[in-house]
Structures are given as C-alpha cells and as structure tokens.
Amino acid sequence: MMPVEPEDRRAVLLAVLLGVLILTALASASMACSPHSTSDRGTSGGGTTLTSSTGASTSASVGRPPVSTTATTEEMETASASTQPGGCAAAEARVTITVLYDNAARHPGTRASWGFSCLIEGFERTVLFDTGADGAILLANMEVLGIEPRGIDVVVLSHEHKDHVGGLAEVLAANPHVTVYYPRSFSEKTLRPALETGATLVPVDDPVSLCVGLTVTRPLGSPAESALLLDTAQGHLLVTGCAHPGITEITKSALDLVDEPIHAVLGGFHLMSHSTQQVDAIVRELRRLGVTRCGPAHCTGEAATTQIKAAFADGFMEMGVGAIIVF
Ligand SMILES: [Zn+2]
Ligand SMILES: [Zn+2]
C-alpha cells in the first residue's frame, strides 16, 4: 500500500466534502415539487403505457402513473402535481383526464359499460364529468384506478340520459360534499339523489366558470347538453358527453367563449348511424375549426372511430376506461 502524503490527504478530504455538498443540493432541489406523489392516490393503480400519439406534450396511457414502472416522467410529474391544487400544479397548469366509464375498457380489472365518465385534475377544483350508467361499476373502476371519490369537488352532468347520470346516487353516497352542475331542464327525479344527500345544486342556463380554466358550456338542443371547456398550457380542450347537438355544433358554441381555436375534443360524439361521407364532413369541419387532436369515446361508434383515427393520425387519442390524457 502506498503511503499517503498530508497534501494528498487534504485534497481527498476536500473532494469528498465537495461531493457531499453537491449531492445535498441536488436532493433538496428534486424534492421541492413532489411531496405527495403516490401516497394520496391509493395503491391499486396499474400503469401500462399504451400510446403516446398526441404530440410532444400530450400522452394517452392506461392506468394511474405513480405506481407504474413504465409510466413516463411526464405522467409522474403530472400525477404528483395534480394532488396539490394551488401549489406547483397551478403554476405548471398541467391537466390530467382519466376515463372512468366508457363502452371500452383498457385497464386490466376495470369494466366496460355503455356510458361515459371522466375525472379532470390539475385545476383548482377536481371535476367528475358525468357518472356513467351504473354507480357500482363507476366506483369499482375508480377503485381499480386508485381514485378516491372524496377527492371530487364538482360533478358536471352533460345531459339527462341514464348512461351519463345513472351513477349520481352512488357518487353522492361516497362523497356528498360536492357541487353538481346540470342543464336547468333536468327533472326532479334525476336530481333526487343530490337533493337527498344535501349536495349543492347549480342549474346551468349559460356558460358558467367552475374555477380558472374550467367552463361549463351553454346547454344546447334537446335533451339540453353542456360540454366542459378546459384551458390548458397546451391550449383549449373540449370534453363532451354524447354530443347530441352535433360535435361540430358544440365545438362552434364553445368557440364563442375563447379567442383561440379549440385544438382538442374528446368524449362521446354520437356518430353510430352516420355514413362514411357524413363522418368525413364532420372531420373536415373539425379541422377547419382548428381541432388537431381527437379522442372519440362512448357513443362515437366503431366505424366512425376508425375513420377519425385514420384522419387525425398522430392527433388521435385512444380512449376507454383507464386511459389517461395529459395536457
Ligand atoms: Zn345521450
Ligand atoms: Zn351517452
């Protein structure tokens, strides 16, 4: 063993000290924005990334990201950010949409069923958009995906069809401390669960803001139907229930509320009985309006979904229970 000179020993000590200082600084910087990434989310979420087809800053995947070994860094950041409203999440304005109820299921252990529901996180208020047809299926899917009903602040009901309002009673039984927005034409029967649990009810006649970045659009048609407009760091996004008034009509109506194009539309488009030519015309109109990303779900129909997928290519967003869209 070589003898170590006193000068060499001082140099070694200095190098070790510098190393410790650098490591300490790096550790404190990485902890600054992620205090609650997994513990608030439950433990049962999966996390198989399915697709990443919606551009550089948007991803669509399946399962809750925090416990995944394959989730992208972006998904992990978004998941941790969304658990702390008003903190880092607000500054980053990152938004996560998780499909909870749909005609197709993508995450193992979740169930497909006719209807639609999704959870929107990343704003000051966490929103459940529609409740599917069956509350037991909705809550079971939420549990598999690691989503806690008590985290919901607002329920937005798009229109008065059972496949969108059927799960309301079970959602309110799990969390009565929510505000429910619905088109004013809703019957008392549909609203009964909300009346009985003491949830706050807000009828919608005109566009109404839920918080910064979230707006319920004016109900159109019969049954009266609202959509949800999101302002994200990546642009405006529209979430629809069934789009009975027409997906292009709903998009045009929402465009009145913003100065820039709505670049993404997702949810039910109700195109099951439309011809290939009619779907082509709708795709062209959506493109003309500035839509570049499309996530057809629920009642869009298989043939129309295939057509939309081919037309939007990289802008297509795969839906189904467990799909997570990050903006
Ligand atoms: Zn409907
Ligand atoms: Zn529907």
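Modeller: Helices, of at least four residues, and strands, of at least two, are runs assigned by DSSP, and they are numbered from the N terminus. Please keep in mind throughout that this is a predicted model.

Colleague: How many helices and strands does the chain have?
Modeller: The chain has 327 residues, of which 50% are buried. Its secondary structure comes to 10 helices and 14 strands.

Colleague: Is helix H4 largely enclosed or largely open, and how many of its residues are buried?
Modeller: A residue is called buried if 20 or more other C-beta atoms lie within 10 Å of its own. In H4, which spans residues 135–144, the buried residues are Gly135, Ile137, Leu138, Leu139, Asn141, Met142 and Val144. The helix is therefore largely enclosed by the rest of the structure, the buried count being 7 of the 10 residues.

Colleague: Which elements are included in what covers the buried residues of H4, and which residue with a positive phi follows the helix?
Modeller: The cover over the buried residues of H4 includes strand E2 (96–101), strand E3 (117–121) and helix H6 (168–174). After H4 comes a residue whose phi is positive, near 75°, and that residue is Gly146.

Colleague: Which element gives the largest share of the largest nonpolar core?
Modeller: This core has 80 residues, and those touching the most other members are Leu100, Val155, Val156, Leu228, Val239 and Val265. The largest share of the core is 5 residues, and these come from H4.

Colleague: Which residues does Val155 touch, leaving aside those up to four places away in sequence?
Modeller: Val155 is among the core members that touch the most others. With residues up to four places away in sequence left out, the contacts of Val155 are Leu128, Thr131, Val171, Val178 and Val180.

Colleague: Where is Asp130, and is it buried or exposed?
Modeller: Asp130 has a positive phi, near 65°, although it is a residue other than glycine. Its place is in the loop between strand E4 (127–129) and H4. Because it has 32 C-beta neighbours inside 10 Å, Asp130 counts as buried.

Colleague: Ala243 also has a positive phi; what is its value?
Modeller: Ala243 is found in the loop between strand E11 (235–240) and helix H8 (247–255). It is buried, with 28 other C-beta atoms within 10 Å. Ala243 is a residue other than glycine, and its positive phi is near 55°.

Colleague: How far apart in space are Thr126 and Val154?
Modeller: Thr126 lies in the loop between E3 and E4 and, with 19 C-beta neighbours inside 10 Å, counts as partly exposed. Its contacts, not counting residues up to four places away in sequence, are Leu119, Glu121, Gly151, Ile152 and Asp153. Thr126 and Val154 are 28 residues apart in sequence, yet their C-alpha to C-alpha distance is 6.4 Å.

Colleague: Which strands stand at the edges of the open sheet that runs from E8 to E13?
Modeller: Here 6 strands form an open sheet with mixed pairing, in the order E8-E9-E10-E11-E12-E13. The twist averages 20° from one strand to the next. Two strands have a single partner each, so one side of each is left without a neighbour in the sheet, and these edge strands are E8 (208–211) and E13 (293–297).

Notes:
Residues numbered from 1 in each chain as written. Chains lettered and ligands numbered in written order. Predicted model: local features only at pLDDT ≥ 70, side-chain atom pairs only at ≥ 80, totals over all residues. Buried ≥ 20, exposed ≤ 12 C-beta atoms within 10 Å, placed from the backbone. Contact = placed C-beta atoms within 7 Å. Core = buried A, V, L, I, M, F, W, Y, C linked by C-beta atoms within 7 Å. Pairing = 2+ DSSP bridges. Axes fitted to C-alpha atoms, helices over the stretch in contact; angles between N-to-C directions.
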